[in-house]
Amino acid sequence: MAGFSMRPCGDFRTTYRQDTRIFDTTFVRNAAILGIVAVGLIPFVLDGYYVNLFIQISYFAIAALGLNILVGFTGQISLGHAAFFGFGAFASAWINNHTGIPVLLSIPLAGLVTAAVGLLFGLPAARIKGLYLAIATLAAQFILEDFFARADWFTGGSYGAAANPVNVFGYEVTDDFSFFYVCLFFLVIMYVLGSNLIRSRDGRAFVAVRDHYLSAEIMGINLTKYRLLSFGVSSFYAGVGGAIYGHYLGYVSAEGFTILLSIQFLGMIIIGGLGSVKGALMGTVFMVLLPEVMETGVSALSVFDWANSTAVTDGLAYIKEMAIGLAIILFLIFEPDGLAHRWQQIRAYWKLYPFSY
Amino acid sequence: MKKLIAATAMIATGLSVGAAKAEDSVFVGHLMDITGATGFIGKFYADGVRDALSYINENGGISGTPLEFESVDYAYKVPQAIANYKKWRSRNNMIAMQGWGTGDTEALISFVAKDEVPVFSASYSGHLTDPTGKNPKTAKPAPYNFFYGASYSDACRAMVQWAAKDWKDKGGEGKPVFSHIGDNHPYPNAPKEACAEYANELGFEVTSPVVVSMKPGDFKAQCLTLKEAGTDYGYLGNLGPSVVSLVKSCGTVGVDPTWLANIWAGDYETLKTIGDVDNYVFPVMTSFWTDEGVPGMDLVRKISMESDKSGKEFRTHHYIRGICSVYYMKEAMEWAKENGGITGANIKKGMYARTDWVPKGLEGVCMPATWTAEDHRGINTVNIYSGEAHGGDIKVTKLETVTLPRRDDWLGY
């Protein structure tokens, strides 16, 4: 019976192996597999708009998980994640255009190149922390943005770079329907890898560095190595997410990777829950859907005559923009541990129901 | 993953809005930026597009076919632009779109080409003018992208051509000095090389570009660089507030070249904000609100009353450009209706059906334009105006009309 419940009553884990399983129980694992299959049916059931939203969620969620590994798990900070996201997009386009390596391979390769760049910018991270580090990563954002506009050989400069569509065994993925599965493939792999990393020796070292760097050092953890590694892994995720984004649009322009996007990534992991793999996904879902839900709300008002004047529609546009800021503030006040924490509480409530203790 | 299913179910129930639409109407999406990075000029242009679409809708639609449209403020965020595009495409069967900036227009190039949805944007990047990728410099051909006006590159070339003449007329000796001034950003950079090359060709001495942030601030240091370089003609690649700060900063340190502003940085509002300037030259692609005796202005004034019943509100030429953009689309749609039905592909053909045409009713307002399947430089003629402002007194005078050759090496560049 135990296998069918979300978690058996009492905690029977007696080995470290049991304690660090990716899925708590067989039930959770099966549910997750079923969940992926169900998500795989989306393009058959829902229209192109939802498919596009899912695609957006997947490339942003991959990058957000990277940032969560850096910020949430290792306790570092980065204000330059969007620049790494952009670097991945340009790198993948460049690798594919100049070497002819198929897009499916150039995406992870772009991740590796971005990881190398991340390591470079992460070097100061080995020595500095807190505000100083925030400023150092901010510099990375500006340096890379400037690089995008200048490095004609790599990014096409102001003109941007063309990115070829994904090609799987001669079949060109040009529509959203097929691209959805490419995204699902990468999303699942990157999230499984992320979950796995966190329960590994290195992942635990990240957490130790975050919780108390002095204790971690006394325990024999090489702080420099793990802080750098965390930057590398984080940039790898950003690079893969950016590469998918680039190949989805078919065109990469330097304009899209500003500090605002970096802040949006931070918003995603704060709303989702710092230091939680599923939190990164939940936060991304929230941040991608919020403007859409607001937009739907605003356009639903247009059935009323009063809402059709220019003054009102313009006013609503401002309210829509402000709502995103408001949502972040409300989360910081009322749900500082993010959506992942709320989800745990909902689970705990049902597990213990009707006894809430 | 369970959460993902739950979330998806939530979206499905929460977001579904019945998309009831009349069978025989056609839908046009309208992306505008009124709250984002380019909102201060985006608003003027968006008002023009919105008013024109409403006016058409209330006055017979497309030869009797009702026009449906939705204006969405995407705040200059590319993901929102893509999501809206996909929504309109899958739910409203959108057949054409009025777009806005460089970011969204470029992000959508591949999608609109595949879906055959003509996009009329306000991004005048030269590389949107090559529909077939004939020029080897074109990163990506843009077969379904159109815009009303001269490209940024062509507008700058026209001003440089004017400047060369101006230098001679003033009896200038030696080589005049030309500088590009703008942020290191795709938008100011769009005409940078193209324009510098042409300036070189015409005998200018071209200095290194001077980088000035897109965000307004104190730019005296940059002005001193211009002073040292001895700039005679400075191209202003940035948008309004940044340009205003720059011109003011330069006024303070006594740098007074002839300013060549890009199309978004030259209008009555900008001159009013600068307050005190001579030698401010900018390209204009339509009539001005204050122009009298232009037959097409009657229609513009009627359209303007859609959002301003009094009809007294002052409109910038950005607003009027929005109207032209919509009316070229409207006539292409009318052509499509007579020639096989209003579909994206037919609207594109409609754009090629005539040469040197002006939409009916807008004579004198929009300039004659020609698009071909090989060349999307609709307009290669640029009206050059000069502006002066002294203590709230603004004087705008027309200097010249420059017609540029349609050189092959300029296509898509």
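**Entry: chain A as a whole**

The radius of gyration of chain A is 21 Å, close to the 21 Å from the globule rule for 357 residues, so chain A is as compact as a globular protein of that length. I note that this radius is taken over C-alpha atoms, and that the globule rule is 2.2 Å times the number of residues to the power 0.38. I also looked up the extent of the C-alpha trace of chain A, which spans about 60 × 55 × 45 Å along its principal axes.

**Entry: what kind of model this is**

I am working with a predicted model, in which local features need pLDDT of at least 70, side-chain atom pairs count only at pLDDT 80 or more, and totals for chains, interfaces and linings use all residues. Residues are numbered from 1 along each chain as its sequence is written, chains are lettered from A and ligands numbered from 1 in the order in which they are written, and side-chain values use heavy atoms, with hydrogens and water left out. The model scores ipTM 0.85 and pTM 0.88.

Of the 357 residues in chain A, 51% are buried. Buried means under 20% relative accessible area, exposed means over 50%, and partly exposed is in between (1.4 Å probe, protein chains only). Chain A exposes about 16,200 Å², and carbon and sulfur atoms supply 69% of that. These areas come from the Shrake-Rupley method with a 1.4 Å probe, and for residues only the protein chains shown count as cover.

I then turned to contacts, meaning heavy atoms within 4.5 Å. Among those in chain A between residues at least 6 apart in sequence, 76% join residues at least 24 apart.

Is A:Thr114 buried or exposed? I found A:Thr114 to be buried, with a relative accessible area of 0%. A:Thr114 sits in helix α6 of chain A, residues 103-122. Its side chain reaches the backbone oxygen of A:Ala110 at 2.6 Å. That pair falls under polar contacts: N or O atoms within 3.5 Å, where within protein one must be able to donate a hydrogen and the other to accept it, and residues adjacent in sequence count only if both atoms are side-chain atoms.

Leaving aside residues up to four places away in sequence, A:Thr114 touches A:Phe84, A:Phe87, A:Gly88, A:Ser235 and A:Gly239. I followed one of these, A:Ser235, to helix α12 of chain A, residues 223-249. A:Ser235 is buried, at a relative accessible area of 1%. With the sequence neighbours up to four places away left out, A:Ser235 touches A:Phe84, A:Gly111, A:Thr114, A:Ala115 and A:Gly118. I note that A:Phe84 is listed for A:Thr114 and for A:Ser235.

**Entry: chain B as a whole**

I counted 13 helices and 13 strands in chain B. The radius of gyration of chain B is 22 Å, close to the 22 Å that the globule rule gives for 413 residues, so chain B is as compact as a globular protein of that length. Of those 413 residues, 63% count as buried. The accessible surface of chain B comes to about 14,600 Å², with 51% belonging to carbon and sulfur atoms.

The mean pLDDT of chain B is 91, and 94% of its residues reach 70 or more. pLDDT is the predictor's confidence in each residue, from 0 to 100. Over residues 10-23 of chain B, pLDDT stays under 50.

Most residues other than glycine have a negative phi.

- B:Ser63 has a phi near 45° and lies in the loop between α2 (39-58) and β2 (67-73). B:Ser63 is partly exposed, at 42% relative accessible area.
- B:Asn279 has a phi of about 55° and lies in strand β11, residues 276-284. B:Asn279 is partly exposed, at 29%.

Methods: Helices (H or I, at least four residues) and strands (E, at least two) are DSSP runs, numbered from the N terminus.
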